[in-house]
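Please look over the sequence and the structure shown here before reading on. A short report comes after them.

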Amino acid sequence: MFRTTVFRLALISAIMFALLSGLVLGLVFLTTAALIDQQTVTAINTEMAGLEDIYRRGGPSRLIEAIQSRVNGFQSNHLIYLLKRTDGPTVVGNLNTWPTVPPDRNGWLRFTVESDMDGRRQVWPAQARIVTLPSGLRLLVGRDMTERSNFSRIMEQSLAFALGAALILGIIGGVVMSRNLLSRIDAVNTTAQTILEGDLSGRVPVSGGGDEFDRLATNLNSMLDRIQKLISAMREVTDNIAHDLRSPLNRMRSRLEITLVGQPDLAEYRRSLEGALEDTDTILHTFNALLSIARIEGRNAKENFAPVDLTDLAGGTAELYEPVAEERGQTLAFTPPEAGDRAVVVGDRHLLSQAIANLVDNAIKYTPEGGQVRVWVDAAHGSTRVVVADNGPGVPEEFRSAVLNRFVRLEQSRHTHGTGLGLSLVSAVADLHGARLDLLDNAPGLRVELVFPEKAARRTPAEGDGAAVG
Amino acid sequence: MRILVVEDDAEAAAYLAKGLRESGYVVDHADNGMDGLYMATNEPYDAIVLDRMLPRLDGLAVVETLRKAGKQTPVLILSALGEVDARVQGLRAGGDDYLAKPYAFSELLARMEALLRRGEGPTQQTRLQVGDLEMDLLARQVTRSGRTIALQPREFRLLEYLMRHAGQVVTRTMLLENVWDYHFDPQTNVIDVHVSRLRQKVDKDFDKALIHTVRGAGYVLRESD
């Protein structure tokens with residue numbers, strides 16, 4: 001635990017807190033002490049000035065009188081007085097002996113006083129000033145500094161106590177806090193461990209308090225949800241590839257094996273090889289389709305996106321498929337948007353043309369002879385739509401929603417028609433472009449609409465114009 | 001015609017070389033980008049088949065270096081990356097054509113021949129002629145034996161492409177890419193329908209057919225059978 005970041009942080013903050021409280025207390029102490037000292041000096045100076053004034057006016061006798069009366073009257077004021085002849089005995093005052101400490105240049109001195117108070121010997125600090133008067137008298141006025149030193153002692157003690165308490169409390173708080181945080185980080189670690197061991201369903205517990213840890217847990221959980229979804233999607237794609245490729249591979253294998261087992265002539269070898277080549281092409285076709293879908297689904301949106309005119313794309317596709325429809329006895333009609341409406345979206349030109357081609361291809365493939373396939377682009381009311389409608393059998397209502405669900409559709413279409421990956425690709429392309437793929441009842445038949453979001457459609461003309469100008 | 005094959009997969013290279021030799025080409029092989037670049041710079045090849053992923057020097061770097069050195073030998077890039085973007089990258093680097101793996105050998109051969117013949121003939125042609133079929137590119141008119149054949153704009157471009165590559169096999173993918181600018185494999189064989197429509201107009205009323213189907217490969221427009 002002592003090696004965890006949280007504990008180290010707690011220790012550092014405890015030390016900082018202790019230092020800060022020490023600093024505050026120290027400052028209070030120092031300023032208070034300075035104030036007290038200042039008051040002491042002022043009091044002594046005032047008293048000294050008063051006494052000097054008395055001396056100047058009344059001479060030594062008046063001074064002695066004044067000191068005498070002060071000594072008797074103001075004992076409790078902590079002031080000390082002593083008058084002494086130079087090189088002679090003390091005259092009057094409330095000090096027993098003249099201090100032995102020499103005064104500084106201004107006459108100030110600090111010394112300790114020993115006295116008998118009520119029979120008890122006492123030692124106390126004092127501060128005083130000595131002034132030499134003209135008549136050879138030396139006057140000492142001072143103050144008992146016991147309170148000042150008591151104050152200092154108390155302050156020093158509380159400072160030490162505060163520092164110690166801050167440190168101890170800080171460390172205890174840190175330990176408690178780090179235990180709490182560690183337990184929550186441990187929960188994340190445990191989840192990660194569960195997932196590492198292969199159980200993707202593990203999730204970080206959320207306490208519900210909505211704090212940073214909850215937000216972290218929520219984000220981690222949504223990330224895990226997404227990863228799990230992607231993995232299961234990928235698994236399904238792999239399963240589908242395996243499923244779709246197994247049968248043609250098996251067919252090819254049997255064909256080659258049977259040819260070898262028999263007594264084939266050259267022509268039969270040739271037929272067998274040609275058949276195998278066709279099988280290979282089928283396999284490659286399916287493989288490429290599945291791979292493209294997976295690539296489109298995994299692609300970064302907006303990569304290589306540019307303004308694309310859907311009228312051109314849909315018109316070109318209709319033109320490409322028109323003879324195919326005609327050969328099947330169908331009609332294929334294309335209607336461009338109303339004059340003045342520009343059906344331009346930002347997207348990948350090749351993918352969009354492939355998607356439209358797949359829709360038209362499907363419509364032609366599943367509409368019986370004599371049917372009608374209509375393709376139109378609608379750019380009115382802000383949204384842009386490419387619509388492919390036929391009057392064939394359509395898709396039953398109950399399958400329509402299933403058809404739109406990626407993998408269900410894949411499975412469904414696989415059973416009903418051929419490789420049937422065309423719509424899966426359209427759906428992937430629609431997703432990439434933020435477009436909606438709607439399957440509607442054309443009564444009769446199926447109407448597939450590729451609806452591009454209003455935002456993309458509206459933003460586009462400006463960009464298109466910019467590109468044209470630049 | 002000498003062709004350089006730069007491909008690191010020994011087996012694939014062997015098949016490719018065998019196929020090309022059987023088609024009448026002289027083939028040299030390099031199995032890495034450095035050797036490939038060295039050979040391409042120092043020997044007069046008519047075309048280069050270049051794999052994109054190569055040891056020692058990447059395929060794209062080989063083309064770029066070659067082009068910077070002023071070598072204009074046609075380059076066909078082969079790649080396992082089938083994306084349209086990968087194709088654009090290959091062409092931007094200086095490649096002349098791009099084929100995604102796995103490819104059909106007939107496809108590679110057809111594209112190779114198209115690259116080899118590209119330099120032939122005047123570039124600014126205004127008239128194309130194959131047998132009694134004539135195309136006036138300025139007037140956008142097609143006549144056969146003096147009779148005017150009315151074509152839709154797309155049919156005109158399809159025929160123009162076939163005539164420009166007269167005598168060469170042209171695959172469905174090549175037509176889809178060059179006439180329609182579609183770079184994917186449509187599920188239905190739309191090209192066959194377009195070609196058969198064109199045949200109706202160009203060949204139906206005449207004794208000799210000009211548009212021929214090449215089994216397993218594509219089409220060829222030529223005078224004789």
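## Basis of the report

This is a predicted model, in which local features need pLDDT of at least 70 and side-chain atom pairs count only at pLDDT 80 or more, while totals for chains, interfaces and linings use all residues. Residues are numbered from 1 along each chain as its sequence is written, and chains are lettered from A and ligands numbered from 1 in the order in which they are written.

## Strand E10 of chain A

Helices (H or I, at least four residues) and strands (E, at least two) are DSSP runs, numbered from the N terminus. Strand E10 of chain A, residues 384-390, is mostly covered, with seven of its seven residues buried. A residue is buried if 20 or more other C-beta atoms, placed from the backbone, lie within 10 Å of its own. A:Thr384, A:Val386, A:Val388 and A:Asp390 point one way from E10(A), and A:Arg385, A:Val387 and A:Ala389 point the other way.

E10(A) pairs with strand E9 (residues 372-378) of chain A in the antiparallel sense over six bridges; two strands pair if DSSP finds at least two bridges between them. In this pairing A:Val373 is opposite A:Asp390. The hairpin of E9(A) and E10(A) has five residues between the strands, and A:His381 there takes a positive phi near 60 degrees. E10(A) also pairs with strand E12 (residues 446-452) of chain A, antiparallel and over six bridges, and here A:Thr384 stands opposite A:Phe452.

## Two helices of chain B

The axes of helix H2 (residues 33-42) and helix H3 (residues 59-68) of chain B come within 10 Å and cross at roughly 25 degrees. That makes H2(B) roughly parallel to H3(B), a term for angles under 35 degrees. Axes are lines fitted to C-alpha atoms over the stretch in contact, and angles run from 0 to 180 degrees between N-to-C directions.

H2(B) gives B:Gly33, B:Gly36, B:Leu37, B:Ala40 and B:Thr41 to the contact, and H3(B) gives B:Gly59, B:Ala61, B:Val62, B:Thr65 and B:Leu66. Two residues are in contact if their C-beta atoms, placed from the backbone, lie within 7 Å.

## Where the chains meet

Contacts join 18 residues of chain B to 18 residues of chain A. On the side of chain B that touches chain A, helix H4 (84-92) and helix H8 (190-202) of chain B are the elements that give two or more residues. The largest share, four residues, comes from H8(B).

Note on methods. Parallel < 35°, antiparallel > 145°, perpendicular 65-115°, else oblique. Buried ≥ 20, exposed ≤ 12 C-beta atoms within 10 Å, placed from the backbone.
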